[in-house]
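Hello,

Here is the structure I promised to pass on to you. Please have it open while you read, and my notes on what turned up in it follow below.

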Amino acid sequence: MSNTKYDYIDIEEIDFDLDNPRIIKELKAFPPEERMEKAGALLLLSHSDEPGPAREELENSIIANHGISNPIDIVPNQDKSSNSKFKVIDGNTRLALYKKLKKKNPNDQTWKKILSCIYPDGSAEKLDDIRLLSHFMPPKQWPLYAKGQYIDRLCKTKDFDEIAQKLGGKTSTIKQLRDAYVFFKEEYEDKLFNDTNAVADESKFSHFIEAGKGSVRVALESHFGNLDKGKEEFAKWVHNDKFRMAIHVRKIPAVFNDENAKTAFLNGDVDDIEAASELLPSPNDTGVSLAEADLEQLSMQLSQKLKKVTRQDMNL
């Protein structure tokens, strides 16, 4: 829209969107006169099932970057009972964080105004359009491979902790992405595709993320004697489609803990890790005596027994 403007707006001139689907249900529990105040507190709650960064990560990122780079979307306020000039349609949580940070740091000018995209049309139809585009057609995310590649490139010129801080302090996640990229490139892309016209399948990148996690990494290192050899063999398994889905990589520790299943997988007697896992002993058929059973087997058997207990068994 040609009349759309960008400016830094005083946060006290912007109301929350009380029709925001994220909080509208919870707001109904409060009297109308209290809803604007309660909206800020509700927006600052973390919801693990929501896409995007957690609220804490978003706050840390905003602090580390001294503000936001992506403006919030605001429109002229149509509420005659409000003294605020604008209403935010997209960016309610970011506005709530600015208000929190201003209250915490009243003398810091950083949190008094927020970068905003100002739409001149505050009609209900325009508000619906903004909400739809913002939450149903958000900016396209980079694939995991591209994220890992970019983080690895940045780490050549920037401090890793600084990068993680700007991304909200997600140190473990960022390290996981970078390590998976290096793993993917060195053992899969460079070694298995370097002399061919074929291109490495980037959709397999998540397999390498899973392989870098604790129990899988330990299983590879333990079996092959060193992690480098384990990584090399794992890349070949991925290339040979031994894992139908990335989540199946997690079956490696269990399969490698059973000699029969492990041998079948390593010798190629089965097609993939799923088939190898089917050779594992059934939880209900441990094949060991009570004295030889481990804690997991004992607890599983106890659980099964307890489920079968009746009121008659308990003399009730």
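Let me begin with a pair of helices: α10 and α11 are roughly perpendicular to each other. In these terms, angles of 65 to 115 degrees count as roughly perpendicular, under 35 as roughly parallel, over 145 as roughly antiparallel, and the rest as oblique. Before going on, a word on the source: this is a predicted model, where local features need pLDDT of at least 70 and side-chain atom pairs count only at pLDDT 80 or more, while totals for chains, interfaces and linings use all residues. Residues are numbered from 1 along each chain as its sequence is written, and side-chain values use heavy atoms, with hydrogens and water left out.

Back to that pair. Helix α10 covers residues 214-224 and α11 covers residues 227-239; they pack at about 110 degrees with their axes 8 Å apart. The axes are lines fitted to C-alpha atoms, for helices over the stretch in contact, and angles run from 0 to 180 degrees between N-to-C directions. From α10, Arg-217, Leu-220, Glu-221 and Phe-224 meet a set in α11 that includes Leu-227, Phe-234 and Trp-237; contact here means heavy atoms within 4.5 Å. Five nonpolar, one polar and four charged residues make up this contact. (Nonpolar covers Ala, Val, Leu, Ile, Met, Phe, Trp, Tyr, Cys and Pro, charged covers Asp, Glu, Lys and Arg, and polar the others, Gly among them.)

Leaving aside neighbours within four places in sequence, Phe-234 touches Phe-183, His-207, Phe-208, Ala-211, Leu-220, Phe-243, Val-249 and Ile-252. The largest nonpolar core has 31 residues, and Phe-208, Phe-234, Phe-243, Ile-252 and Phe-265 are the ones that touch the most other members. Such a core is a set of buried Ala, Val, Leu, Ile, Met, Phe, Trp, Tyr and Cys residues joined through side-chain atoms within 4.5 Å. Several helices supply at least two residues each, including α9 (205-211), α12 (252-256) and α13 (259-266), and α8 gives the most, with seven. Another core lies apart from this one, with 24 residues, among them Ala-39, Leu-42, Ile-62 and Ile-118.

Helix α6 (residues 144-154) packs against α8 at about 100 degrees, with the axes 8 Å apart, which makes α6 roughly perpendicular to α8. Residues of α6 in this contact include Leu-144, Tyr-145 and Ile-151, and those of α8 include Ile-174, Leu-177 and Tyr-181. By class, there are eight nonpolar, two polar and four charged residues.

Now the sheet. The chain has 15 helices and five strands, taken as DSSP runs numbered from the N terminus (helices H or I of at least four residues, strands E of at least two). An open sheet of five strands has the order β1-β5-β3-β4-β2, with mixed pairing; two strands pair if DSSP finds at least two bridges between them. At the edges are β1 (5-10) and β2 (14-15), each pairing on one side only.

Strand β3 (residues 72-76) runs parallel to β5 (residues 113-118), joined by three bridges, and antiparallel to β4, joined by four. Asp-73 has Cys-117 as its bridge partner in β5 and stands opposite Asp-90 in β4. Ile-74 faces Ile-118 in β5. Four of the five residues of β3 are buried. Helix α5 (residues 124-136) lies across β3 and β4 (86-90), at about 35 degrees to β4.

Finally, which residues have a positive phi although they are not glycine? His-66 is one, at about 55 degrees, and Asp-241 is another, at about 60 degrees. His-66 lies in the loop between α3 (55-64) and β3 and is exposed, with a relative accessible area of 64%. Asp-241 sits in the loop between α11 and α12 and is partly exposed, at 48%. Buried means under 20% relative accessible area, exposed over 50%, and partly exposed in between, with a 1.4 Å probe and protein chains only. Across the 316 residues of the chain, 36% are buried.

Best wishes
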